[in-house]
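Please read these points with the model open beside you. They go from single residues to the whole chain and back to some local details.

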Amino acid sequence: MKLAFNEATTLENSNLEDDLRFCEKHGFDFIEIRLDKLKEYLITHSINDLRNFFSSARLKPLSLNALEEFTFRNPTEFNLMKQDLSLMTEVATAIGCDTIVAVPAFGVEKDWEEIKQETIVKLREFLENIEGTNLKLALEFVGYPDCSINTLDKAQEVVEGVDHPQVGLVLDCFHFYAMNSSYEALKNLSIDNLFLFHIDDCEGKLPGVLRDHHRLWPGEGVIPLETIISILYEKGFKGPASVELFRPEYWELEAEECIRKAKDKTVHLLENALPKTI
Ligand code: ZN
């Protein structure tokens with residue numbers, strides 16, 4: 001299975017330039033570029049610099065992430081978000097990236113039907129902005145109790161509600177585990193709707209208590225990753241698997257060490273889960 005690196009893993013100890021260099025050096029196939037690191041990079045580089053890197057590198061861009069908390073915004077905030085989407089569209093088109101991640105709002109005390117409608121409407125507005133491109137929008141549910149979409153079945157409901165080939169979802173193993181998403185939902189997941197797969201592990205805390213900083217290297221925690229991967233593989237999903245951690249302890253490592261370790265741990269986990277596919 002191909003491997004991707006999500007830049008959250010080196011959020012505090014690296015930048016886009018170094019992430020690109022070390023991911024290429026250590027043999028990742030893809031990188032998921034964070035919007036904050038992209039904006040920082042563009043202070044001293046051009047979009048063309050990024051295009052030139054990818055044109056000569058083996059490493060390829062997998063996604064740009066993310067449009068954060070895009071629902072229940074006031075009109076001004078939502079227009080600013082559309083500006084971010086314009087920048088991401090320009091960059092993605094230039095570097096040959098086809099997926100943009102969108103994360104729903106937190107702390108919303110609304111009925112599910114209202115949340116669902118708002119999310120569908122806003123995703124459709126984004127679709128208008130990327131009309132004529134091949135870009136895809138990947139909705140990422142977050143396994144926190146106060147996230148407006150915090151389980152796989154709810155994310156699927158929204159994606160089915162939008163009913164457009166350019167809108168699908170991100171399955172992040174941590175988020176799947178952290179709010180007890182069901183294996184029934186996983187088995188019912190249409191592979192056509194699965195745009196990105198985030199691989200990670202976590203401490204053995206209870207659902208509802210788990211937060212991003214409890215994430216661990218794949219294989220070092222309690223998430224039944226091999227079961228999840230086997231279910232996806234049987235459904236025809238071939239990857240890539242993108243390692244995404246937010247652990248402050250790992251941000252204390254040198255960036256290169258962190259990236260090398262992310263690769264080794266993920267390869268090892270995948271070898272155990274899918275011995276015949278590596
Ligand atoms: Zn994720």
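1. Glutamate 24 is partly exposed, because its relative accessible area is 29%; buried means under 20%, exposed over 50%, and partly exposed in between, with a 1.4 Å probe and protein chains only. The residue belongs to helix H1, which covers residues 16-25. Helices (H or I, at least four residues) and strands (E, at least two) are DSSP runs, numbered from the N terminus. Not counting residues up to four places away in sequence, glutamate 24 touches Phe53, Ala57, Arg58 and Leu59; a contact means heavy atoms within 4.5 Å. Leucine 80 is 56 residues from glutamate 24 along the chain, and 33 Å separate the two C-alpha atoms.

2. A word on the basis of these values. This is a predicted model, in which local features need pLDDT of at least 70 and side-chain atom pairs count only at pLDDT 80 or more, while totals for chains, interfaces and linings use all residues. Residues are numbered from 1 along each chain as its sequence is written, and side-chain values use heavy atoms, with hydrogens and water left out.

3. How many helices and strands does the protein have? There are 11 helices and 10 strands. Along the principal axes, the C-alpha atoms fill a box of roughly 45 × 40 × 35 Å.

4. Of the 278 residues, 55% are buried. The protein exposes about 11,900 Å², and carbon and sulfur atoms supply 46% of that area; the areas come from the Shrake-Rupley method with a 1.4 Å probe, and for residues only the protein chains shown count as cover. Among contacts between residues at least 6 apart in sequence, 81% join residues at least 24 apart.

5. The charges can be summarised by their mean positions. Those of the 29 positive and 49 negative charges are 4 Å apart. Lys and Arg count as positive and Asp and Glu as negative, while His and the chain ends are not counted. Each charge is placed at NZ of Lys, CZ of Arg, CG of Asp or CD of Glu.

6. Is aspartate 84 buried or exposed? Aspartate 84 is buried, because its relative accessible area is 19%. Helix H4 (residues 75-95) holds this residue. Beyond residues up to four places away in sequence, aspartate 84 touches Leu35, Lys39 and Leu67.

7. Alanine 102 is in strand E4, residues 99-102. With a relative accessibility of 0%, alanine 102 counts as buried. Leaving aside neighbours within four places in sequence, alanine 102 is in contact with Leu67, Phe70, Ala138, Leu139 and Glu140. The C-alpha atoms of alanine 102 and lysine 39 are separated by 17 Å, and the two residues are 63 apart along the chain.

8. Some backbone angles deserve a look, because most residues other than glycine have a negative phi, and most peptide bonds are trans. Phenylalanine 72 is not a glycine, yet has a positive phi of about 55 degrees. This residue lies in the loop between E3 and H4 and is partly exposed at 27% relative accessibility. Asparagine 180 also has a positive phi, near 55 degrees. Asparagine 180 sits in the loop between helix H7 (173-178) and helix H8 (183-188), and is exposed, with a relative accessible area of 56%.

9. Which peptide bonds are cis? The bond from asparagine 65 to alanine 66 is cis, with omega near 5 degrees, and alanine 66 lies in strand E3 (residues 60-67). The bond from glycine 239 to proline 240 is cis, with omega near 5 degrees. Proline 240 is in the loop between helix H9 (225-234) and strand E10 (241-243).

10. How many disulfides does the structure hold? The number is 0, where a disulfide is a pair of cysteine sulfur atoms within 2.5 Å. The sulfur of cysteine 202 is 9.9 Å from the closest cysteine sulfur, in cysteine 173, so the gap is too far for a bond. Cysteine 202 is buried at 0% relative accessibility.
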